[in-house]
Amino acid sequence: MSLDKDQVQHIAMLARLRLADDEFAETVDKLSRIVDFVDQLSQAATDDVVPMAHPLNASQRLRADRVTETDRRDDIQENAPSVEGGLYLVPKVIE
Amino acid sequence: MSQDLHTLTLTQLAAGLGNGDYSSVQLTEALLARIASLDKTLNAFVTVTADAALAAARRADESRAAGKGGVLNGLPVVHKDIFCTRGVLTTCGSRMLENFVAPYDATIVERLNAAGAVVLGKTNMDEFAMGSSNETSYFGPVRNPWDLERSPGGSSGGSAAAVAARFAPAATGTDTGGSIRQPAALTGTVGLKPTYGRVSRYGMIAFASSLDQAGVITRSTEDAALLLGVMAGLDERDSTSIDHPVPDYVDALSGPIDGLRVGVVRQHFDAGLDEKCAAAVREALAVLEARGAVLTEVDLPNLDLSVPTYYVVAPAECSSNLSRFDGIRFGHRADNPEDLLDLYCRSRGEGFGAEVKRRIMTGTYVLSAGYYDAYYLKAQQVRQLIADDFKKAFAEVDVIAGPTSPTPAFKLGDKTDDPITMYLNDIYTIGANLAGLPALSTPCGFVEGLPVGLHLVGPHFGEAALLRCSHHYEQETDWHTACPESYR
């Protein structure tokens with residue numbers, strides 16, 4: 001196993017994922033296999049190779065900084081699990 | 001008459017509608033009836049938009065009567081459920097978006113609508129397009145119309161199955177590592193992934209932004225050319241969309257392929273490729289040669305590294321793209337969270353399926369402190385080597401031809417235990433995504449009753465040559481017209 005339980009627990013926390021107990025063991029196993037698999041990249045000779053930034057070497061297109069969107073807050077909040085008065089509700093953050 | 005409409009291609013239907021042989025309403029009703037009776041077994045659709053389709057068909061008929069209407073006026077299409085469709089459920093195959101109704105249309109949806117297309121529904125897919133068998137969908141796997149025990153491939157499995165089963169003449173799809181071309185190969189359809197940036201990604205739910213590209217699945221190359229012409233071109237709303245002229249792809253089909261230099265990759269025929277698939281592909285190459293193409297051997301020495309490179313780059317991008325699903329603004333939210341952290345972790349833990357979680361975690365790992373250089377940076381270096389290999393090859397040839405997939409359609413459940421076995425299924429297709437190249441798959445034969453695909457890759461913006469090559473091939477063969485027995 002290239003990854004141990006603690007590492008996987010740490011990655012899950014960084015990724016903000018709660019894994020069920022039965023899921024956890026399987027994840028350790030499969031994630032280890034994936035990491036072992038991608039480890040073969042370490043053998044590739046890449047000295048002096050500039051890492052790819054864009055497949056077509058294109059640069060980011062810019063646009064004028066002006067307002068183009070209309071206010072569609074109500075429309076967009078239709079998909080929110082919990083809103084009140086145009087605000088998104090979350091559990092209490094500050095006591 | 002109307003009972004046969006499902007057998008016609010987009011181009012044939014355009015002619016029939018134009019001649020007044022039938023109306024778009026008649027056509028739409030015929031296909032909707034077919035979907036209602038046959039999709040229970042295939043599971044190709046997540047949502048069928050029957051009422052909206054009939055309304056759109058009526059509008060198309062009216063505009064035709066008035067002498068108006070775009071190039072797709074009244075023609076039915078289906079969209080992969082990764083494209084946002086205003087007012088319509090857009091799930092991306094995930095529990096996370098089980099109830100998500102898109103507040104806007106993706107650019108390609110908008111463009112097809114503006115051309116008069118009639119959208120029949122949204123197709124099933126691997127969750128967030130992460131999979132090669134359609135088995136990671138929250139809405140259950142799609143079955144292959146050629147053999148119901150088998151997978152149609154993925155991630156655009158629903159789109160491919162819908163086109164193969166004659167539910168619709170054309171479907172949109174997305175391709176991050178082969179997700180249009182592999183299901184096209186496995187279902188005997190034509191699948192086109194354009195150059196990175198050729199088609200707008202606006203409104204296409206992101207998986208790996210430097211690899212994702214929208215395309216189509218059809219039953220002929222001609223139809224793919226027709227659709228690409230409508231979909232392609234600069235979109236101000238996608239900052240990676242490229243400002244490059246859009247040629248008339250249908251017009252370009254008729255040019256000669258005499259002297260077209262077709263590259264055959266030595267490494268493609270190494271171990272791993274099913275022998276009978278190899279034979280079908282070799283036969284297809286001979287057809288192209290007989291038609292005037294010049295076959296040349298080329299090398300892609302880093303081909304083997306394309307899969308591991310992809311499985312660093314794609315998960316890395318996916319882990320950051322999918323961080324938007326926080327259980328707060330849209331998407332699944334866990335019940336009774338203890339605090340904000342619990343809300344995030346449980347909403348995401350419950351909303352995402354196993355494969356998506358693995359990819360997010362792989363991506364999180366390769367981007368995490370202390371591992372970035374060893375994995376992500378290294379992968380982007382190898383990715384450059386792979387792109388350079390293609391560049392060298394395209395100095396000698398116009399098109400690269402080979403197999404799309406190492407085997408024909410595999411059985412559902414066969415590859416779900418080991419992620420690596422599933423990942424290796426995309427060995428021939430992933431390179432085009434890593435290098436941003438256009439590629440397509442067209443049917444080139446059968447192995448034990450299952451379709452096999454011929455894969456063509458071109459240089460950046462080389463779609464016209466690819467389509468022409470594939471179109472010529474289809475003039476000499478009839479594999480692309482074959483229909484699974486129960487869906488004739």
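Let me start with a definition: accessible areas here come from the Shrake-Rupley method with a 1.4 Å probe, and for residues only the protein chains shown count as cover. On that basis, chain B exposes about 15700 Å², and carbon and sulfur atoms supply 49% of it. For chain A the accessible surface comes to about 6900 Å², of which 49% belongs to carbon and sulfur atoms.

Two remarks on conventions are needed. This is a predicted model, in which local features need pLDDT of at least 70 and side-chain atom pairs count only at pLDDT 80 or more, while totals for chains, interfaces and linings use all residues. Residues are numbered from 1 along each chain as its sequence is written, chains are lettered from A and ligands numbered from 1 in the order in which they are written, and side-chain values use heavy atoms, with hydrogens and water left out.

I turn to chain A. Its secondary structure comprises three helices and two strands, where helices (H or I, at least four residues) and strands (E, at least two) are DSSP runs numbered from the N terminus. Read from the N terminus, the order is α-α-α-β-β. Chain A has a radius of gyration of 22 Å, well over the 12 Å that the globule rule gives for 95 residues, so chain A is more spread out than a compact globule. That radius is taken over C-alpha atoms, and the rule is 2.2 Å times the number of residues to the power 0.38. Along the principal axes, the C-alpha trace of chain A spans about 55 × 45 × 25 Å.

How much of chain A is buried? Of its 95 residues, 32% count as buried; the term means under 20% relative accessible area, with exposed over 50% and partly exposed in between (1.4 Å probe, protein chains only). Contact means heavy atoms within 4.5 Å. Among contacts in chain A between residues at least 6 apart in sequence, 31% join residues at least 24 apart.

Next, chain B. This chain holds 16 helices and 11 strands. Its radius of gyration is 21 Å, which agrees with the value near 23 Å that a compact globule of 488 residues would have. The C-alpha atoms of chain B fill a box of roughly 65 × 55 × 45 Å, taken along the principal axes. Buried residues make up 66% of the 488. Of the contacts in chain B with a separation of 6 or more, 75% are between residues 24 or more positions apart.

On charge, Lys and Arg count as positive and Asp and Glu as negative, with His and the chain ends not counted; the place of a charge is NZ of Lys, CZ of Arg, CG of Asp or CD of Glu. Chain A has 11 positive and 19 negative side chains, and the centres of the two sets lie 6 Å apart. In chain B, the mean positions of the 41 positive and 58 negative charges are 3 Å apart.

How many disulfides are found over all chains? The search of the whole structure returns zero, a disulfide being a pair of cysteine sulfur atoms within 2.5 Å. For C84(B), the closest cysteine sulfur is that of C92(B), and the distance of 8.4 Å is too far for a bond. C277(B) is likewise in no disulfide, with the sulfur of C444(B) the nearest at 8.0 Å. C84(B) is buried at 3% relative accessible area, and C277(B) is buried at 1%.

H79(B) belongs to strand β2, residues 76–80, and is buried at 0% relative accessibility. Leaving aside residues up to four places away in sequence, its contacts include T85(B), I108(B), K122(B) and T172(B). A160(B) sits in helix α5, residues 157–164, and is also buried, at 0%. With the same exclusion, A160(B) touches P183(B), A184(B), T187(B), T189(B) and I217(B).

Finally, the backbone. Most residues other than glycine have a negative phi, and most peptide bonds are trans. A cis peptide bond joins G154(B) and S155(B), with omega about 10 degrees. S155(B) is placed in the loop between β3 (118–123) and α5. N134(B), in the loop between β3 and α5, has a positive phi of about 65 degrees and is buried at 0%. N43(B), in the loop between α2 (24–42) and β1 (45–48), has a positive phi of about 65 degrees and is partly exposed at 21%.
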